[in-house]
Amino acid sequence: MGYNKAKQFSVLLLTAVILAGCSEQRSSFLDPAGPIAAAQRAHLIEVVGWTMIAVVPVFILVPVMLWRYRYRNTKARYTPDWGYSGWLELVMWGVPFMIVAVLSTKLWFSTKALDPYKPIASDAAPLNVQVVGLDWKWLFIYPDLGIATVNQLAFPAGAPVSLNLTSDTVMQSFMVDALAGQVYAMPGMRTKLHLLADAAGVFKGENVQFSGVGFTEQKFDAVAMTPEAFSEWVARVKSDGVPLDAQTYELLGASSTGAQVYEAIGTNGMPAGVIYFNQVAPDLFKKVIGRYHGGEPVLPANQPGAAGYVWQPLFNGSSK
Amino acid sequence: MTSDHTTTWLFGRLDLSSLPIWQAIQSPAISELIAGAAAMIVIAGAIAVIAFITWLRAWRSLWTDWLTSTDHKRIGIMYCVLALVMMTRGVIEAVLMRAQQADGLSGGFLTPEHFAELFSTHGTIMIFFVAMPLVAGVINYIMPLQIGARDMSFPVMNQISLGLTATGAVLVMSSLVFGKFSTGSWAAYPPYTGLAFNPGPGPDYWIWSVAIAGIGTTLSGINFAVTIYKERAPGMTLFRMPLFCWTVLCTSIIMIFAMPPLTVATLMLAADRYLDFHFFTNDLGGNMMNYVNLFWLFGHPEVYLLVLPAYGIISEVVATFSGKRLYGYTSLVYATMAIAVLSFCVWLHHFFTMGQSANVNIAFGIASMCIAVPTGVKVYDWMATMYRGRIRMTVPMIYVTGFFILFVIGGLTGVILANPTITYQVHNTLFLVAHFHNVIIPGVVFGLLAGIHYWFPKAFGFRLHEGWGRVSALLWIFGFSFAFLPLYVVGLMGMPRRSANFNDPAFEPLMLAALFGAALVLSALAALVIQIWVSVRDRDKLAAPLGDPWNGRTLEWATPSPPPHYNFAVLPQVKDRDDFAAAKANGRAFADTANYGDITMPKNTALGMIICAAATLLGMALVWYIWWLAMLSVLTIVVAFVARTFMLDTTYTIPADEISREHRAWLARVRAASPITRDRETDDVNQGLAVLELPETLKASR
């Protein structure tokens with residue numbers, strides 16, 4: 001009972017501290033918007049709570065010792081040759097050991113349960129999205145819908161989203177704090193992340209692995225929508241989008257921010273800094289990964305994000 | 001050959017446009033001006049130092065007494081001086097970065113590239129050229145004295161280690177004047193630092209400064225370990241060694257095993273960049289994950305390499321200033337060993353988010369958490385050492401108190417970060433930055449500063465000024481708290497590290513608090529400099545030449561301050577743990593003997609300095625592709641080593657007469673002096689001789 005109250009209180013306190021001054025875009029797992037982030041926060045609070053058993057005595061005893069056994073206090077006992085106590089040893093090794101044993105068990109179960117590769121159990125069908133990290137923008141491909149976006153990840157609330165990630169430049173780290181945390185995106189490799197939003201909302205997404213001068217601009221909105229709104233959004237992308245052909249992909253590959261790309265090819269139908277694509281080559285994601293496994297050198301001139309990159313077709317586009 | 005070819009042949013890639021000063025003249029924006037000013041400061045600093053030494057007419061003394069010395073004590077002091085110079089640059093960079101981020105909502109005043117250079121040099125400098133030399137310096141000075149040795153096992157190699165460390169530092173400093181340092185952070189992850197993405201000289205500066213200094217550190221590790229195994233005084237069994245020596249033993253084992261992965265990783269990265277290899281490139285089978293593993297296979301043990309000696313210092317300081325035997329000596333030894341072993345089993349926790357299976361993360365997460373057990377035991381042992389002691393709050397104890405309170409917070413956040421579940425959220429955020437600064441500043445830096453204040457009178461014969469020391473210590477403690485505790489909160493709010501700017505107004509007030517903290521840390525450093533200045537000025541008043549200003553417990557205090565270069569007139573016969581405390585208690589301290597013998601010591605040699613100069617030129621030549629210079633430097637190094645092997649007359653003998661005369665003169669001064677009680681140890685009367693204060697005598701006097 002007392003534990004629960006303390007727990008509730010600490011949650012409230014933490015959330016209050018974090019939320020002071022936040023905008024409507026939710027951007028921290030301490031204000032979770034989905035089951036994964038909520039479980040991560042709960043785990044954090046538990047770990048802090050258990051560790052306090054070992055930490056609080058230090059905060060209390062250090063000042064007490066310093067005061068009680070100060071040089072001028074001639075009343076305190078002085079035992080200069082005392083240097084061992086079996087019972088004390090048992091407590092000193094035993095208590096941290098027990099705490100770590102408890103925490104290790106919790107670590108084991110929570111790491112299993114919250115493995116980012118593990119699909120989230122749900123009645124709703126998962127939405128597949130392929131994520132390509134570029135300098136300094138994110139490309140989201142919806143392979144089942146035949147659409148793609150730059151810097152906007154929209155999905156229906158209440159349904160799991162299954163992300164496959166790679167990078168077509170240096171290593172990056174894809175993060176949506178309020179929903180699931182982060183996983184690296186690396187060239188020539190595929191990583192996975194699953195997330196789910198409880199309700200409609202806008203969440204901050206970003207790259208958190210330094211990747212060059214435009215790094216801080218590599219942010220996007222993750223937008224959870226009602227299923228109806230999502231269908232409307234898909235329709236809008238299809239109607240207002242431009243095709244993601246070879247030339248456009250080359251443009252995306254150059255070192256530039258989403259805003260700069262928007263200036264180049266954005267239209268009025270797209271939100272500021274966001275690009276909609278209504279046609280995508282079916283195996284673009286595979287090709288992005290595969291370009292590094294061809295047994296041929298990828299010269300800097302053909303390497304997105306590299307110094308001296310000149311646009312080169314990665315694939316034969318549909319609209320020539 | 002055309003003149004273009006000649007220039008390229010002579011200067012490689014180096015030309016006018018690679019000079020920041022030139023760029024500042026060409027396009028005077030704020031970032032360029034700061035870079036240009038930094039280059040000017042380096043040049044002006046070098047000129048000022050040269051002028052000052054000339055004015056002192058100290059060139060000969062600098063060369064014969066210091067640069068060519070093989071004395072472990074002189075080498076130790078030179079390491080510390082190098083570290084403090086580099087720390088000044090590191091702290092100034094930190095303040096610049098805090099200022100940039102405090103202004104980050106409106107974009108800041110530095111270009112993102114300049115900011116990236118700052119965090120890369122700051123990290124590289126603080127780890128490799130501040131923390132490591134400071135640790136190596138204190139170990140060099142103290143460890144041989146504590147085990148009753150006359151010098152290191154390999155005095156010349158010791159000098160070479162210092163030379164190679166200095167080479168790395170000089171290369172980093174050169175990057176301010178010639179070209180630019182890397183923007184790829186202190187960890188230099190490829191492919192970002194690969195040739196395709198960063199063809200400039202920056203990553204090469206990082207590679208060669210770290211690779212060359214790393215070889216020096218490996219050699220140091222071998223030297224420390226062999227010295228402890230082979231050079232202990234008669235009777236100094238391993239379990240009679242002061243705890244500091246145990247931590248040094250563990251640290252040197254870590255140095256021997258953890259530095260090679262770093263050297264290998266940097267050389268593989270160099271092979272990618274120079275020779276078209278594909279270890280870590282995107283294409284042709286390269287894989288950056290291998291680099292990340294190699295780097296942290298070094299990087300995590302590195303943290304314990306730094307902090308273990310700090311634990312050792314804290315053990316010595318707490319025991320001495322509590323007037324008490326160290327509690328739980330055996331526990332502390334086993335805890336130290338446990339940490340050293342575990343430090344090699346946890347490297348993967350630096351990249352839980354790389355996509356490996358949950359099972360792998362669980363194994364490394366639990367291993368990481370296990371380190372909390374021996375670390376916790378240590379903190380409790382130190383508290384039990386204070387229990388029923390008589391504690392004097394001198395400057396080292398203030399640092400140690402700051403350590404207790406703040407380091408425990410770092411431990412707490414360490415346990416948090418050991419959980420992959422939470423790391424998925426806070427990795428790469430300022431939470432992580434706050435955590436590692438929380439263990440490195442209150443842990444390593446406070447420990448080393450405590451050690452420097454504690455052992456300074458041993459090294460120089462006078463104490464450091466107490467008042468300025470307190471000011472500096474408190475500024476460090478509060479400066480750290482303001483600078484880094486807010487970063488935990490910003491990190492939980494999701495602010496990525498290495499951000500030159502941000503757009504969430506909620507970060508702003510916390511960033512301002514952090515800037516205030518950084519300003520306090522800068523003041524702490526200034527107070528430290530003033531303290532050293534005042535202490536040198538008042539050195540006659542602060543003098544404690546008799547050697548034992550703190551009522552010390554271990555062998556180093558049984559020598560005059562500063563100790564003669566042969567350390568001990570007669571090698572001590574160790575009969576006890578805390579041998580000097582025991583000797584004082586039963587009256588065998590300061591005893592004269594009839595058995596003075598001749599002492600053979602290593603001669604000075606210029607080898608270390610030659611290697612240092614040649615390695616520096618080699619580094620510059622490699623960075624700038626000046627191949628003739630690179631070959632010439634390698635040749636110089638080889639010739640220097642070969643020439644050294646032909647020198648057979650490398651030692652000299654000090655006759656027994658001279659030793660007995662010096663030693664008896666000191667003993668006579670000790671007998672003539674009046675010992676003081678501990679309440680007067682920070683007064684001018686403290687000549688370095690202590691009154692025995694035992695419970696029985698205290699009761700009798702009451």
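Student: In what order do the strands of the open sheet of seven strands in chain A run?

Tutor: The model under discussion is predicted. In chain A, the sheet is open and its strands pair in a mixed manner. Listed across the sheet, the strand order is β8-β5-β1-β2-β3-β12-β11.

Student: Which strands of chain A stand at the edges of this sheet, and why is one side of each left without a neighbour?

Tutor: Each edge strand has a single partner strand, so one of its sides has no neighbour in the sheet. The two strands of chain A in that position are β8 (191–195) and β11 (242–244).

Student: By how many degrees are neighbouring strands of this sheet turned against each other on average?

Tutor: The angle is an average over neighbouring strands of the sheet, and direction is ignored. The value is 30 degrees.

Student: Which helix of chain A packs on the sheet?

Tutor: The helix touches β2 (137–142), β3 (147–150), β11 and β12 (275–280) of chain A. Its direction makes about 65 degrees with that of β12(A). The helix, spanning residues 258–265 of chain A, is α6.

Student: In which sense, parallel or antiparallel, do strands β1 and β5 of chain A pair?

Tutor: Strand β1 covers residues 127–134 of chain A and strand β5 covers residues 161–167 of chain A. Within this pair, Leu127(A) stands opposite Val161(A).

Student: How many helices and strands does chain B have?

Tutor: For chain A, the secondary structure consists of seven helices and 12 strands. The corresponding content of chain B is 23 helices and two strands.

Student: What percentage of the residues of chain B count as buried?

Tutor: A residue counts as buried if 20 or more other C-beta atoms lie within 10 Å of its own. For the 702 residues of chain B, the value is 61%.

Student: What radius of gyration does chain B have?

Tutor: The C-alpha atoms of chain B fill a box of roughly 80 × 60 × 45 Å along the principal axes. A compact globule with 702 residues would have a radius of gyration near 27 Å. The value for chain B agrees with this, at 26 Å.

Student: How far apart do the C-alpha centres of domain 1 and domain 2 of chain B lie?

Tutor: Domain 1 of chain B comprises 7–57, and domain 2 comprises 58–605 + 650–690. Their contact takes 15 residues from domain 1 of chain B and 13 residues from domain 2 of chain B. On the side of domain 1 that touches domain 2 in chain B, there are 10 nonpolar, three polar and two charged residues. The C-alpha centres of these two domains of chain B are separated by 30 Å.

Student: What distance separates the centres of domain 1 and domain 2 of chain A?

Tutor: In chain A, domain 1 consists of 2–74 + 84–113 and domain 2 of 127–292. The contact between them draws 14 residues from domain 1 of chain A and 14 residues from domain 2 of chain A. Taken over C-alpha atoms, the distance between the centres of these domains of chain A is 37 Å.

Student: How many nonpolar residues does the side of chain A that touches chain B have?

Tutor: The contact between the chains takes 80 residues from chain A and 83 residues from chain B. Elements giving two or more residues to the side of chain A include α1 (2–19), α2 (35–68) and α3 (86–113) of chain A. By class, this side of chain A has 22 polar and nine charged residues, while its nonpolar residues number 49.

Notes
Residues numbered from 1 in each chain as written. Chains lettered and ligands numbered in written order. Predicted model: local features only at pLDDT ≥ 70, side-chain atom pairs only at ≥ 80, totals over all residues. Domains from an automatic or database assignment. Contact = placed C-beta atoms within 7 Å. Nonpolar A, V, L, I, M, F, W, Y, C, P; charged D, E, K, R; others polar. Helix = DSSP H or I, 4+ residues; strand = E, 2+ residues; numbered from the N terminus. Pairing = 2+ DSSP bridges. Axes fitted to C-alpha atoms, helices over the stretch in contact; angles between N-to-C directions. Rg over C-alpha atoms; globule rule 2.2 N^0.38 Å. Buried ≥ 20, exposed ≤ 12 C-beta atoms within 10 Å, placed from the backbone.
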